[in-house]
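Hi everyone, thanks for making time for this one. Let me put the structure up, and then we can walk through its charged pairs together.

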Amino acid sequence: MVNKKIKVLVVEDELIIADYMNECLQQFGYHVPAMCINYDEAVKALDIEMPDIVLLDITLRGAKSGIMLAEYINSSAKIPFVFITSHSDRATIDKAKQTKPYAYLIKPFNESDLYAAIETALVQFAERKTGGRTATEDEDPVLIKDGIFVKNKGKFIKIQLTDLLWAEADDNYVTLNTEGGRYVLKTTLKYLQDMLPGFFWRSHRSYLINLHHIKSFDAEEVTVGSSMLPISKTSFPDLLDKLKILQG
(Lines give C-alpha, C1' and ligand atoms only; values in the text may rest on other atoms or scores of the structure.)
Protein backbone atom coordinates (compact mmCIF):
# COMPACT_ATOMS: atom_id res chain seq x y z
CA MET A 1 0.00 0.00 0.00
CA VAL A 2 1.22 3.50 -0.86
CA ASN A 3 -0.94 5.20 1.77
CA LYS A 4 0.99 5.75 4.99
CA LYS A 5 -0.09 4.81 8.48
CA ILE A 6 -0.99 7.59 10.88
CA LYS A 7 2.14 8.42 12.89
CA VAL A 8 1.65 8.60 16.66
CA LEU A 9 4.44 10.11 18.77
CA VAL A 10 4.53 8.74 22.33
CA VAL A 11 5.88 11.09 25.03
CA GLU A 12 5.83 9.13 28.29
CA ASP A 13 8.54 8.77 30.94
CA GLU A 14 7.15 5.58 32.51
CA LEU A 15 8.73 2.99 30.25
CA ILE A 16 6.32 0.19 31.09
CA ILE A 17 3.37 2.37 30.06
CA ALA A 18 5.21 3.61 26.96
CA ASP A 19 5.94 0.03 25.86
CA TYR A 20 2.31 -0.94 26.46
CA MET A 21 1.07 1.96 24.34
CA ASN A 22 3.55 1.14 21.59
CA GLU A 23 2.33 -2.47 21.47
CA CYS A 24 -1.32 -1.40 21.37
CA LEU A 25 -0.72 1.23 18.70
CA GLN A 26 1.03 -1.28 16.46
CA GLN A 27 -1.95 -3.62 16.84
CA PHE A 28 -4.33 -0.79 15.94
CA GLY A 29 -2.43 -0.23 12.69
CA TYR A 30 -0.73 3.04 13.67
CA HIS A 31 2.99 3.76 13.27
CA VAL A 32 5.07 4.88 16.26
CA PRO A 33 8.11 6.76 14.87
CA ALA A 34 9.61 7.52 18.30
CA MET A 35 9.07 7.24 22.05
CA CYS A 36 10.33 10.15 24.14
CA ILE A 37 10.73 10.67 27.88
CA ASN A 38 11.23 14.44 28.12
CA TYR A 39 10.58 17.80 26.48
CA ASP A 40 13.84 18.05 24.53
CA GLU A 41 13.56 14.57 23.04
CA ALA A 42 9.98 15.27 22.03
CA VAL A 43 10.81 18.59 20.33
CA LYS A 44 13.50 16.88 18.26
CA ALA A 45 11.13 14.05 17.34
CA LEU A 46 8.42 16.50 16.31
CA ASP A 47 10.84 18.19 13.93
CA ILE A 48 12.41 15.03 12.49
CA GLU A 49 9.53 12.53 12.48
CA MET A 50 6.64 14.92 11.75
CA PRO A 51 3.98 12.86 13.56
CA ASP A 52 0.26 13.29 12.97
CA ILE A 53 -0.79 13.09 16.63
CA VAL A 54 0.97 13.03 20.02
CA LEU A 55 0.21 11.00 23.16
CA LEU A 56 1.62 13.24 25.87
CA ASP A 57 2.14 12.64 29.59
CA ILE A 58 1.45 15.80 31.57
CA THR A 59 4.31 15.02 33.99
CA LEU A 60 7.69 14.51 32.28
CA ARG A 61 11.26 14.13 33.47
CA GLY A 62 13.23 17.36 33.53
CA ALA A 63 12.40 21.00 34.11
CA LYS A 64 9.83 21.29 31.32
CA SER A 65 6.44 19.68 31.74
CA GLY A 66 4.05 18.08 29.31
CA ILE A 67 1.94 21.21 29.51
CA MET A 68 4.89 23.25 28.22
CA LEU A 69 5.33 20.74 25.41
CA ALA A 70 1.63 21.09 24.58
CA GLU A 71 2.13 24.84 24.26
CA TYR A 72 5.03 24.20 21.88
CA ILE A 73 2.89 21.82 19.81
CA ASN A 74 0.15 24.44 19.54
CA SER A 75 2.55 27.16 18.43
CA SER A 76 4.81 25.15 16.12
CA ALA A 77 3.57 21.68 15.13
CA LYS A 78 -0.15 22.50 15.13
CA ILE A 79 -1.23 18.87 15.41
CA PRO A 80 -3.64 17.17 17.82
CA PHE A 81 -2.40 15.79 21.13
CA VAL A 82 -3.87 13.64 23.89
CA PHE A 83 -2.93 14.30 27.51
CA ILE A 84 -2.05 11.27 29.65
CA THR A 85 -2.10 11.68 33.40
CA SER A 86 -2.47 9.81 36.65
CA HIS A 87 -3.71 13.03 38.23
CA SER A 88 -7.40 13.63 37.71
CA ASP A 89 -7.61 16.40 40.30
CA ARG A 90 -9.26 19.63 39.28
CA ALA A 91 -6.15 21.80 39.59
CA THR A 92 -4.14 19.66 37.18
CA ILE A 93 -6.96 19.39 34.66
CA ASP A 94 -7.71 23.14 34.88
CA LYS A 95 -4.08 23.95 34.10
CA ALA A 96 -3.86 21.39 31.31
CA LYS A 97 -7.09 22.39 29.59
CA GLN A 98 -5.72 25.88 28.91
CA THR A 99 -3.64 24.27 26.13
CA LYS A 100 -6.85 22.87 24.56
CA PRO A 101 -5.97 19.17 24.35
CA TYR A 102 -8.04 17.04 22.01
CA ALA A 103 -8.64 14.25 24.53
CA TYR A 104 -7.52 12.88 27.92
CA LEU A 105 -6.31 9.47 29.07
CA ILE A 106 -6.42 8.82 32.81
CA LYS A 107 -4.03 6.15 34.14
CA PRO A 108 -4.54 3.26 34.43
CA PHE A 109 -6.17 2.77 31.01
CA ASN A 110 -6.71 -0.18 28.69
CA GLU A 111 -6.34 -0.60 24.95
CA SER A 112 -9.97 0.36 24.33
CA ASP A 113 -9.47 3.62 26.23
CA LEU A 114 -6.33 4.32 24.18
CA TYR A 115 -8.04 3.69 20.87
CA ALA A 116 -11.05 5.80 21.86
CA ALA A 117 -8.80 8.69 22.91
CA ILE A 118 -6.97 8.73 19.57
CA GLU A 119 -10.16 8.55 17.54
CA THR A 120 -11.76 11.25 19.70
CA ALA A 121 -8.73 13.48 19.22
CA LEU A 122 -8.82 13.05 15.46
CA VAL A 123 -12.53 13.85 15.36
CA GLN A 124 -12.01 16.93 17.55
CA PHE A 125 -9.17 18.04 15.30
CA ALA A 126 -11.39 17.57 12.25
CA GLU A 127 -14.17 19.63 13.86
CA ARG A 128 -11.84 22.51 14.61
CA LYS A 129 -10.36 22.41 11.09
CA THR A 130 -13.79 22.35 9.42
CA GLY A 131 -15.50 24.92 11.63
CA GLY A 132 -17.47 22.58 13.85
CA ARG A 133 -18.48 19.93 11.32
CA THR A 134 -17.47 16.44 12.37
CA ALA A 135 -15.44 14.54 9.78
CA THR A 136 -17.59 11.45 9.73
CA GLU A 137 -17.78 8.85 6.98
CA ASP A 138 -18.15 10.37 3.51
CA GLU A 139 -17.62 13.97 4.67
CA ASP A 140 -14.96 16.55 3.90
CA PRO A 141 -11.40 15.29 4.40
CA VAL A 142 -9.05 17.08 6.77
CA LEU A 143 -5.69 18.37 5.59
CA ILE A 144 -2.76 18.04 7.98
CA LYS A 145 0.80 18.94 6.95
CA ASP A 146 1.80 16.46 4.25
CA GLY A 147 -1.37 14.40 4.07
CA ILE A 148 -5.13 14.12 4.24
CA PHE A 149 -7.10 12.32 6.93
CA VAL A 150 -10.11 10.51 5.55
CA LYS A 151 -12.44 8.16 7.33
CA ASN A 152 -12.62 4.75 5.71
CA LYS A 153 -14.58 1.83 7.15
CA GLY A 154 -14.98 3.60 10.47
CA LYS A 155 -11.30 4.45 10.96
CA PHE A 156 -9.15 7.44 10.10
CA ILE A 157 -6.42 6.78 7.55
CA LYS A 158 -3.81 9.10 6.12
CA ILE A 159 -3.22 9.66 2.42
CA GLN A 160 0.12 11.29 1.64
CA LEU A 161 -0.31 14.31 -0.65
CA THR A 162 2.60 13.06 -2.74
CA ASP A 163 0.74 9.76 -3.28
CA LEU A 164 -2.55 11.35 -4.36
CA LEU A 165 -2.59 11.06 -8.16
CA TRP A 166 -5.83 12.85 -8.95
CA ALA A 167 -9.31 13.56 -7.64
CA GLU A 168 -12.44 13.08 -9.73
CA ALA A 169 -15.79 14.73 -9.05
CA ASP A 170 -19.17 13.09 -9.52
CA ASP A 171 -22.02 15.36 -8.39
CA ASN A 172 -21.49 15.87 -4.65
CA TYR A 173 -18.88 13.13 -4.34
CA VAL A 174 -15.15 13.10 -5.02
CA THR A 175 -13.00 10.02 -5.60
CA LEU A 176 -9.39 10.25 -4.44
CA ASN A 177 -7.20 8.09 -6.67
CA THR A 178 -3.90 6.76 -5.33
CA GLU A 179 -1.67 3.90 -6.35
CA GLY A 180 -2.84 2.07 -3.25
CA GLY A 181 -6.59 2.47 -3.72
CA ARG A 182 -9.57 4.73 -4.30
CA TYR A 183 -11.54 6.61 -1.64
CA VAL A 184 -14.98 8.12 -2.22
CA LEU A 185 -15.85 11.18 -0.14
CA LYS A 186 -18.96 13.31 0.12
CA THR A 187 -17.43 16.70 -0.65
CA THR A 188 -16.85 19.03 -3.58
CA LEU A 189 -13.85 19.36 -5.86
CA LYS A 190 -13.81 23.09 -5.13
CA TYR A 191 -13.41 22.41 -1.40
CA LEU A 192 -10.57 20.00 -2.12
CA GLN A 193 -8.88 22.43 -4.51
CA ASP A 194 -9.00 25.23 -1.93
CA MET A 195 -7.40 23.11 0.79
CA LEU A 196 -4.65 21.45 -1.27
CA PRO A 197 -1.25 23.03 -2.14
CA GLY A 198 -0.44 24.63 -5.47
CA PHE A 199 0.91 21.54 -7.21
CA PHE A 200 -2.68 20.27 -7.56
CA TRP A 201 -4.15 21.63 -10.79
CA ARG A 202 -7.75 21.74 -12.02
CA SER A 203 -7.50 20.27 -15.53
CA HIS A 204 -11.24 20.08 -16.04
CA ARG A 205 -14.38 20.82 -14.05
CA SER A 206 -14.33 17.20 -12.88
CA TYR A 207 -10.61 16.59 -12.35
CA LEU A 208 -7.94 17.83 -9.95
CA ILE A 209 -4.48 16.51 -10.84
CA ASN A 210 -1.19 16.22 -8.95
CA LEU A 211 1.27 17.91 -11.34
CA HIS A 212 4.15 15.81 -10.02
CA HIS A 213 2.53 12.66 -11.44
CA ILE A 214 1.99 13.90 -15.01
CA LYS A 215 3.74 11.63 -17.52
CA SER A 216 2.69 13.33 -20.77
CA PHE A 217 0.11 15.77 -22.10
CA ASP A 218 -1.16 17.66 -25.10
CA ALA A 219 -3.86 20.28 -25.54
CA GLU A 220 -6.70 17.77 -24.98
CA GLU A 221 -5.58 15.21 -22.42
CA VAL A 222 -3.01 14.43 -19.77
CA THR A 223 -1.58 11.08 -18.69
CA VAL A 224 -1.41 10.56 -14.93
CA GLY A 225 -0.18 7.16 -13.82
CA SER A 226 -1.79 4.77 -16.26
CA SER A 227 -4.86 6.93 -16.85
CA MET A 228 -5.63 9.53 -19.51
CA LEU A 229 -7.65 12.48 -18.22
CA PRO A 230 -9.25 15.35 -20.16
CA ILE A 231 -7.99 18.92 -20.28
CA SER A 232 -10.41 21.75 -20.91
CA LYS A 233 -9.48 24.38 -23.52
CA THR A 234 -9.37 27.11 -20.92
CA SER A 235 -7.13 25.07 -18.58
CA PHE A 236 -4.35 24.22 -21.04
CA PRO A 237 -2.60 27.64 -20.95
CA ASP A 238 -2.69 27.49 -17.17
CA LEU A 239 -0.97 24.09 -17.25
CA LEU A 240 1.91 25.51 -19.26
CA ASP A 241 2.32 28.32 -16.75
CA LYS A 242 2.18 25.90 -13.83
CA LEU A 243 4.84 23.64 -15.31
CA LYS A 244 7.14 26.59 -15.94
CA ILE A 245 6.85 27.45 -12.26
CA LEU A 246 7.58 23.87 -11.24
CA GLN A 247 10.58 23.69 -13.56
CA GLY A 248 11.92 27.02 -12.33
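Let's start with a question: does Lys107 count as buried or exposed? Lys107 counts as buried, because its relative accessibility is 13%, and the cut-off for buried is under 20%. Before I go on, please keep in mind that this is a predicted model.

So what does Lys107 pair with? Lys107 forms a salt bridge with Glu12, and the closest N and O atoms are 3.2 Å apart. That pair links distant parts of the chain: Lys107 sits in the loop between β5 (103-106) and α5 (111-129), while Glu12 sits in the loop between β1 (8-11) and α1 (15-28), 95 residues apart. Glu12 counts as buried too, since its relative accessibility is 1%.

Next, a second pair. The side chains of Asp52 and Lys158 form a salt bridge, at 2.8 Å from N to O. How accessible are the two partners? Asp52 has a relative accessible area of 0%, so Asp52 is buried. Lys158 comes out at 1% relative accessibility and therefore counts as buried.

Now for a local pair. Lys190 and Asp194 meet in a salt bridge through their side chains, 2.7 Å from N to O. Both residues belong to helix α6 (residues 189-195), where they are 4 residues apart, about one turn of the helix. Here the accessibility reads like this: Lys190 counts as partly exposed because its value is 48%, and Asp194 is exposed because its relative accessible area is 53%. For those two, the cut-off to have in mind is 50%, as exposed means over that value.

Let me step back to the whole set. How many salt bridges does a search of the whole structure find? The search finds 6. Some of them share partners, and those join Glu12, Glu14, Asp57 and Lys107 into one network.

Ser226 counts as exposed, because its relative accessibility is 76%. If you like a distance to check on your own screen, the C-alpha atoms of Ser226 and Ile214 are separated by 10.0 Å, with the two residues 12 apart along the chain.

That's my tour, and I'm happy to take questions.

Terms used
Residues numbered from 1 in each chain as written. Predicted model: local features only at pLDDT ≥ 70, side-chain atom pairs only at ≥ 80, totals over all residues. Heavy atoms only, no water. Buried < 20%, exposed > 50% of the residue type's maximum accessible area, 1.4 Å probe, protein only. Salt bridge = Lys/Arg side-chain N within 4 Å of Asp/Glu carboxyl O. Helix = DSSP H or I, 4+ residues; strand = E, 2+ residues; numbered from the N terminus.
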